[in-house]
Amino acid sequence: MAEIKNAKLLYKSIYSSIKEPLRLIIKDKRGLFGLGVTLGFVFLATIGPLLFPIDLSVDLNKRWRSPSWEYPLGTDRYGRDMLKMVIAGAPGVLSVGATAAFVIISIGVIVGLISGLVGGKVDTALMFITDIALTIPSMVLITVLAVFIGARALDPVTLAFIMSVTAWAGLARGIRAQTLSIKERKFVEAATTLGLGKMHIILRELLPNLMNFVAINYFWSVMGAIMATVGLMFLGLIPFSQVNWGYMLNNAIASSGAGMYSWARYLLLVPVVTIILLQTGFIYLAAGLESVFNPRLRED
Amino acid sequence: MIRAYLGGENDLKWFIKRIIRAVISIFLVTAISFFLIRLMPGNPMDMLYMDLIVNRRMKPEQAMEFIRGFYGLAPEGPLYVQFIDYLMNLFRGNLGRSMVYTARTPVLDLIVAMLPWTVFLLSISQTIAFSIGILLGMFLAYGKGGKFDVVTSSVCSVISGIPVYVGGALLLVTLAINLNIFPISGNYGRLVTPGWNLPFIASVLYHAALPILTYVILGFSGWAITMKNMTISVLGEDYVLAAEARGLKGRRVTMAYVGRNAILPLFTSFAISLGYAFGGALFIEQLFAYPGIGFLTWAGLTQHDYPIIQACFLITTISVIVANFVADAAYSILDPRIRLE
């Protein structure tokens, strides 16, 4: 009985902590759109491939089909179902994006917190490294690393680490600035006066106040990593899965060669709309979160 | 004039710090480019060595000589000696030879031939995008909250996030392939002779139009949003209020007081954006088969032409680091306040 009660309590506490932000996001039209799109893509990436397994066999009799009940998004030049290709491409990029963002956030928060809290020489040294990471053009570095390391084996986790190689730097600077300003606030002072330990101050006073910044940056980082991953796939530098959105883009351009098929424009539209939809969803969700955490941005 | 600006001891320290940072950054990317090739298991140099000995029946010394000709260094002796060798070679301008391009062209020749095309595209497109963005951003800030601002701002925020390969693919397929308005690939037509003649220049501009258009369309919106925010924050400053209170003409306040102060911080961002643009060049030049440094990088990467990858990586990263440094320095001369940090 006690366990059930505990579970209920846990559920209640989670529910009450999510309820208000959720209400605010849903109230904001753009936030609702962003949340819906994001959840939709997560659904596609997790359950989609199980519900709609893809058949990669080439069947030229079925190629260039227009959208129908059987093929909601039509077929490509090899007679493959476009919708299933979109779904099959989702897990790869989303898992890289989510993992990369997690790595980026972790490094950024740790570096920023240490820099802001310890100060002095440690701060100078860490910010020096951060500035260097900021000056190195990331896309070129990522591409070269992916190709070199990918020559051996390239799984989503490795790729996620490559994506975060310099991306943490901007966040670290932001976290440091936030830490410096929160450190001076009265409630931190009060906690210090009360003799509460350093860990208490970091975990209970600082981190909760940084959460909004971190949450928003998480979505921006996911988006950045996804766009870079699709880009590498588009360049044909990381195959990684047989069907992916970058490949679809490339395929559409190849199909449109010599102006043969006006249908190619449609082929192009599918991955383009997918990518822009996902990206817009993330931007709006991040904006919705911002209005949750920053009451001044709310319209009411 | 610069001396006058560099007067204080603090300022000198600021500059020295920046110079050290730039030098360390450059050293770091050089080390990355060296160790990436040397330390990879089954690295291209060892593979080539084995291939020469096993398949072409070369003697070990011969093979080493051959590799030295290729990369400018050979995989023998301690690593740090090899690294110093590599650095010395770089200073002499010896970047090794291409493994794939015919007649094993020295990589430096390829870079010298292709870099100008990238610089040409980037310098024009980034300037246009920056100018349009700045003007639009100020315009939006003045009409803040109006219908035009609301619509344009949200359109801009969506456009600014579109990846270059998506925007480029759309423009390529619609404008070049389907509508046939622009050429699909290359940097100039086959029928013109390179030189300072009108047909050649016209052909170059015609071929550059679509890549430039892509950069501009995807680039200006980000600037517009940043400039809008900067302008709004400057509009709240006391000196703007004071200028208006003094009865200065609206136009003068807009240009000399608001505009100038809002643009200042954007100079550093402009340099950083060059870094992104170089990353974008990888996609755009591949997409439009435009023979610049991005195309060369891509070609090197797909063909595993390691000397080319190494050299392109170095050239790109070093030019961005230098651009960053120059922008920082220029900015600090324009706005001495930031040296007080």
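**View 1. Chain B, from one end of the sequence to the other, is a run of helices.** Follow chain B along its sequence and you get the pattern α-α-α-α-α-α-α-α-α-α-α-α-α-α. That makes 14 helices and 0 strands. Keep in mind that what you're looking at is a predicted model. Taken along the principal axes, the box filled by the C-alpha atoms of chain B is roughly 85 × 60 × 40 Å. Chain B has 341 residues, and 38% of them are buried. Now take the contacts in chain B between residues at least 6 apart in sequence: 68% of those join residues at least 24 apart.

**View 2. Helices H9 and H12 of chain B cross each other.** Here we zoom in on H9(B), residues 198-235, and H12(B), residues 266-287. Their axes come within 12 Å and cross at roughly 155°. Angles over 145 degrees count as roughly antiparallel, so that's the label for H9(B) and H12(B). As for handedness, this crossing is right-handed. On the H9(B) side, look for Pro211(B), Thr214(B), Tyr215(B), Thr226(B), Met227(B) and Met230(B). Facing them from H12(B) are Leu266(B), Ser269(B), Ala277(B), Gly280(B) and Ile284(B). Sort the residues of this contact by class and you find 7 nonpolar, 4 polar and no charged.

**View 3. Chain A meets chain B.** How many residues does each chain bring to the contact? Chain A supplies 35 and chain B supplies 39. On the chain A side, the elements giving two or more residues are helices H5 (120-135), H6 (138-150), H10 (198-234), H11 (245-255) and H12 (263-293). H12(A) gives the most, with 9 residues. The class count for this side of chain A comes to 22 nonpolar, 10 polar and 3 charged residues.

**View 4. Leu249(A) has contacts in both chains.** You'll find Leu249(A) in helix H11 of chain A. Is Leu249(A) buried or exposed? It counts as buried, because it has 29 C-beta neighbours inside 10 Å. Set aside the neighbours within four places in sequence, and Leu249(A) is in contact with Phe234(A), Leu268(A) and Pro271(A), along with Tyr165(B) and Ala169(B) from the other chain.

Note on methods:
Residues numbered from 1 in each chain as written. Chains lettered and ligands numbered in written order. Predicted model: local features only at pLDDT ≥ 70, side-chain atom pairs only at ≥ 80, totals over all residues. Axes fitted to C-alpha atoms, helices over the stretch in contact; angles between N-to-C directions. Helix = DSSP H or I, 4+ residues; strand = E, 2+ residues; numbered from the N terminus. Parallel < 35°, antiparallel > 145°, perpendicular 65-115°, else oblique. Left-handed = near helix turned anticlockwise from the far one by under 90°. Contact = placed C-beta atoms within 7 Å. Nonpolar A, V, L, I, M, F, W, Y, C, P; charged D, E, K, R; others polar. Buried ≥ 20, exposed ≤ 12 C-beta atoms within 10 Å, placed from the backbone.
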